[in-house]
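Colleague: I'd like to learn how to read a model like this one. Could you walk me through it?

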Amino acid sequence: MTTTPTTLTDATRHVLDTAAEAATAIAAAIQHIGPCQHLPAWPTKPITMPADVLAHQQAAHTFHTRLTTSSCTCLHGLPEQLLADLSQRWAATLQAGAWYGQSARRSSAEVRDHSRKQFDTSTTTLLATAEWITSGTAALTARATW
């Protein structure tokens, strides 16, 4: 059983390490789908400090907004849906990580445990989705090619 870090430093390190690993997987999935040139660039800056988490979160929100409001026809169908889902989930995962990092400083053990579980569950789901995409299974499942 995993123990929940109880200090701000431990929680922050867990969020940064986990987010950095996930960022690589998300970028690979987005590259696999092949976003169009009309969308903002996906962030490539490594996540090494809390400000990077917030920058990635804002970039994911911007990416998602542009994707869902654009009239560009480069992406449609499953690729567009997957990109929208990935960007939205990534922003939510980073928000959960920020909450966990904050809860380590000023919350009870129960709140810390809950916020850690939320962050870890969100990250695990996101990584599974990214793996599903990069493995080519998403394309096979949809009987489509990109």
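Modeller: Helices (H or I, at least four residues) and strands (E, at least two) are DSSP runs, numbered from the N terminus. This is a predicted model, where local features need pLDDT of at least 70 and side-chain atom pairs count only at pLDDT 80 or more, while totals for chains, interfaces and linings use all residues. Residues are numbered from 1 along each chain as its sequence is written, and side-chain values use heavy atoms, with hydrogens and water left out.

Colleague: What share of the 146 residues counts as buried?

Modeller: Buried means under 20% relative accessible area (1.4 Å probe, protein chains only). Here that is 38% of the protein chain.

Colleague: And which residues touch the most other members of the largest nonpolar core?

Modeller: Such a core is a set of buried Ala, Val, Leu, Ile, Met, Phe, Trp, Tyr and Cys residues joined through side-chain atoms within 4.5 Å. In this one, with 34 residues, they are I26, L86 and W90. At least two core residues come from each of α1 (8-33), α2 (50-69), α3 (78-106) and α4 (109-134).

Colleague: What is L86 in contact with, beyond its neighbours within four places in sequence?

Modeller: Contact means heavy atoms within 4.5 Å. The partners of L86 include I26, A29, I30 and I33, along with L126, T129 and I133.

Conventions: Buried < 20%, exposed > 50% of the residue type's maximum accessible area, 1.4 Å probe, protein only.
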